[in-house]
Amino acid sequence: MHPVVKLVSQRLALGLLLLLAASALIFLGTLMLPGDVAQSILGQSATPEALANLREELGLNRPALVRYFDWLFGALQGDLGTALTNGQDIAESIGKRLGNTLFLAFWAAVISVPLAIFLGLLAVRYRDRWPDKLISAVTLASISIPEFLIGYLLIYFVAVQMGWFSSVAMINDSMSLLDKLNAIALPVAVLTLVVLAHMMRMTRAAILNVMQSAYIETAELKGLSTFHVIARHAFPNAIAPIVNVVMLNLAYLVVGVVVIEVVFVYPGMGQYLVDHVAKRDVPVVQACGLIFAAVYILLNMIADIVAILSNPRLRHPK
Amino acid sequence: MSEPLVKVRNLKIGATVYPPGEKPHDIEIVHGVSFDLQPGKVLGLIGESGAGKSTIGLASMAYGRGGVKITGGEVWINGRDVLKSKLRDVRRLRGGEVTYVSQSAAASFNPAKKIMEQVIEAAVEQGKFSKKEAEARARTLFAKLGLPDPDNIGDRYPHQVSGGQLQRCMTALALCPEPDLVVFDEPTTALDVTTQIEVLMAIKEAIRDTGVAALYITHDLAVVAQVSDDIMVLRHGNTVEYGPVDQIINNPQEEYTQALVSVRSIEHDEKAPTPEPVLSVRNITARYKGTKFDVLHNVNVDLHPGQTLAVVGESGSGKSTLARVITGLLPPREGEIEFAGRTLSPDLAGRSREDLRELQMIYQMADVAMNPRQTVGTIIGRPLEFYFGMRGAEKRKRIIELLDEIELGESFIDRYPAELSGGQKQRVCIARALAAKPKMIICDEVTSALDPLVADGILKLLLELQKIENVAYLFITHDLATVRAISDNIAVMYQGKVQRYGGKTEVLSPPFDDYTDLLLSSVPEMRLGWLEEVIANRKMESAGN
């Protein structure tokens with residue numbers, strides 16, 4: 001078997017195994033919470049008889065293992081159960097919100113990833129000179145300020161004072177793409193500022209590391225311009241560490257945007273999760289947890305696979 | 001005489017140094033060097049490490065490695081002073097008019113790009129050739145340099161070809177843009193001796209056929225004698241002697257040049273075997289974990305007390321693996337090791353402290369074999385504590401004795417490894433091994449990272465210490481001159497087997513098997529015309545070309 005096929009299938013198998021383990025942890029976690037679903041539905045003042053009846057009805061008396069596999073196979077078929085608080089089908093409500101979250105994450109990524117890598121290359125090109133220091137200072141400052149604060153600052157100055165964009169990022173199906181983009185401009189800007197620094201710093205560090213190699217000297221002695229040397233000779237050898245950080249940040253864009261969604265009242269997963277945690281709606285929390293875990297594992301798996309594919313020794317064995 | 005292609009006048013080069021415990025400051029490393037090079041001629045720059053030869057080579061491309069700066073003088077190439085040129089013109093010079101071949105092609109090729117892409121890059125980016133023309137020229141060069149499958153080898157990645165092949169690809173890379181001057185910086189030093197002469201011949205023919213001029217930088221006078229028209233001998237950034245190759249080799253004027261020409265002055269007569277060997281390697285067959293091939297096949301050798309067994313072979317011949325088996329780092333699949341009258345446990349964990357003490361080791365890279373944060377005294381004192389429980393004044397006295405034995409003296413006791421030269425570091429490693437009072441020391445390529453004159457000093461010291469301490473050496477090396485200098489017995493290894501084994505005189509006298517013949521004939525000799533002669537008389541090709 002080609003070593004790349006072998007390594008990639010190993011990663012895929014490992015990813016699935018991790019996802020299974022994550023699902024077990026999520027289920028176990030909710031089991032360990034005080035009270036159960038029946039208690040949450042009926043509240044503190046419920047009579048023992050009513051609780052017993054509801055437990056019977058919901059199948060909560062069956063062994064935990066049976067309930068776990070029930071839940072797992074349901075999730076595999078796209079059935080995430082129904083929300084306790086409003087009786088809606090969870091898969092259906094999540095579907096739309098997940099779409100919104102991915103929409104926001106996608107545009108934040110489209111802007112921040114190329115920008116971060118470009119700034120990283122630029123920082124290497126002018127290392128230890130003022131452009132490098134400026135880039136580092138600005139990105140580090142933006143990552144150090146809490147994201148909600150950046151959000152409110154942008155709302156105050158850009159939305160309220162100057163009135164360029166709306167302060168709430170409400171989108172719905174009837175809006176055109178342009179309208180939607182206009183609506184999410186501010187949250188995208190905040191997210192970009194938050195994730196830029198990591199990726200930029202890693203790009204810079206990884207490329208500077210490669211710049212020590214003898215083959216960079218060879219390229220310089222070919223009379224190539226500095227930027228050509230960095231982008232065409234150093235960058236391809238620095239892909240693996242950069243992709244790892246990029247994927248971690250992409251994962252953050254999907255699963256970590258809770259605060260931003262709340263600040264901008266954006267109808268995404270984060271807001272949905274926060275609402276239902278407050279209401280102790282266990283099935284919804286479980287479903288969100290499972291999806292977040294899947295996104296995280298998937299993106300990290302992609303990073304591993306890209307790292308494998310970027311290694312010519314693995315792609316082209318002797 | 002016509003106008004020279006390269007005219008270097010009073011070239012001065014400085015560097016910033018960062019000595020431990022001092023403020024960084026600038027020093028001068030090349031102090032005013034001048035030379036001329038006519039079109040199509042080859043100038044050999046020769047000297048030990050630190051002589052400034054690579055620095056001068058790179059300065060001809062207006063390039064300084066790391067913190068190196070050109071501080072004065074003129075470098076005229078094609079009638080233009082490149083040190084006063086604009087960056088744009090310097091870029092046209094680099095990779096266009098002047099190109100560079102480095103010591104390690106394996107490190108100098110970008111691992112992420114195909115060979116062809118890298119070979120033609122300078123020619124295409126400089127606008128000298130179209131991509132198609134450059135590729136055609138590269139294929140012609142591949143063929144001229146004797147690379148296998150010249151039409152397709154460019155589609156491979158650097159890791160897919162051997163070291164010798166990659167060094168030829170690097171030469172093709174340098175010749176592709178039709179430069180006027182190529183700087184060859186130790187292009188064959190990293191290669192096995194049998195591979196070296198093939199690459200050397202390929203380079204020599206390529207220089208002749210393309211009519212390019214070359215600066216050929218090396219520490220090996222015998223090698224540079226084969227390819228150069230003129231030779232400049234450098235030391236500590238100064239010109240020692242500069243003249244035609246014939247004069248430098250056959251009639252050197254300066255004392256230093258004479259020392260370089262006559263290096264390896266050691267005479268050592270073979271000793272007769274004793275009845276009881278200190279080490280007996282019996283039927284050793286070994287392979288590395290997780291692999292399916294034996295790297296050692298049924299190896300049998302003996303080492304006698306107070307004598308030296310040289311294990312000689314090329315990279316991949318299994319000589320270092322043999323050392324790993326003897327030290328217990330790699331338990332063999334079959335066979336056993338008898339040492340000082342007892343059978344050693346195959347793996348390290350099963351050996352007693354006495355086993356460890358009596359079998360010491362000295363390594364190739366003295367730098368990395370010492371803790372940089374320990375003083376020389378601590379490094380040498382450690383085995384004294386560990387094996388003999390010495391403390392305080394008694395330990396210090398013994399350390400000073402050892403320092404005297406390695407000809408460094410008491411003043412070195414508080415120094416750190418970074419404050420020592422390469423040869424001094426290796427001496428400290430020798431003292432550390434001797435401190436354990438071993439019966440035997442494995443010396444793994446202990447002189448191959450050192451300059452010839454320094455290496456010579458180390459070998460003399462080792463022979464001297466052998467007489468005093470009656471210690472036996474298992475001397476692993478690829479360098480036949482070293483073998484001649486110090487061994488009593490020789491084992492020639494080839495593809496994991498002992499190809500030839502016996503007393504020094506016997507092994508080095510004809511009739512030879514084909515491999516030993518190839519190995520012996522490949523050692524560069526310091527006379528003109530040797531290269532052509534040896535290529536014409538070869539019976540087999542080297543395995544790693």
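Predicted model: local features only at pLDDT ≥ 70, side-chain atom pairs only at ≥ 80, totals over all residues.
Biologist: Let's begin with a single residue. Why is B:Lys114 called partly exposed?

Modeller: We count the other C-beta atoms within 10 Å, and B:Lys114 has 17 of them. Buried needs 20 or more, and exposed needs 12 or fewer. The count of 17 lies in between, so B:Lys114 is partly exposed.

Biologist: Where does B:Lys114 sit, and which residues does it contact?

Modeller: It lies in the loop between H3 and H4 of chain B. Leaving aside neighbours within four places in sequence, B:Lys114 is in contact with B:Gly154, B:Asp155, B:Arg156 and B:Tyr157. Also, B:Lys114 and B:Pro158 are 44 residues apart in sequence, yet 6.8 Å apart in space from C-alpha to C-alpha.

Biologist: Now a strand. What makes E18 of chain B largely enclosed?

Modeller: Strand E18 covers residues 472–477, and six of its six residues are buried, so the rest of the structure largely encloses it. B:Ala472, B:Leu474 and B:Ile476 point one way, while B:Tyr473, B:Phe475 and B:Thr477 point the other way.

Biologist: Which elements make the β-α-β unit, and what is its handedness?

Modeller: E17(B), helix H16 (residues 452–469) and E18(B) make the unit, and it is right-handed. That word is used because, with the strands pointing away from the viewer, the path from the first strand over the helix to the second runs clockwise.

Biologist: How do you know that the span of helix H15 of chain B agrees with expectation?

Modeller: H15 (residues 422–435) has 14 residues, and at 1.5 Å a residue it should span 20 Å. Its end C-alpha atoms are 20 Å apart, so the two values agree.

Biologist: What makes you call H15(B) mostly covered?

Modeller: Eleven of its 14 residues are buried. Among them are B:Val428, B:Ile430 and B:Leu434. The buried residues of H15(B) pack against E16, H13, H14, E17 and H16 of chain B. Just after the helix, B:Lys437 takes a positive phi of about 50°.

Biologist: How many residues does each chain bring to the contact between them?

Modeller: Chain B brings 24 residues and chain A brings 15. On the chain B side, helices H2, H3 and H4 each supply at least two residues. That side divides into ten nonpolar, nine polar and five charged residues.

Biologist: Finally, what makes up chain A?

Modeller: Chain A has 15 helices and zero strands. Buried residues make up 32% of its 318 residues. Its C-alpha atoms fill a box of roughly 85 × 60 × 35 Å along the principal axes.

How values were computed: Residues numbered from 1 in each chain as written. Chains lettered and ligands numbered in written order. Helix = DSSP H or I, 4+ residues; strand = E, 2+ residues; numbered from the N terminus. Contact = placed C-beta atoms within 7 Å. Nonpolar A, V, L, I, M, F, W, Y, C, P; charged D, E, K, R; others polar. Expected span 1.5 Å × (residues − 1).
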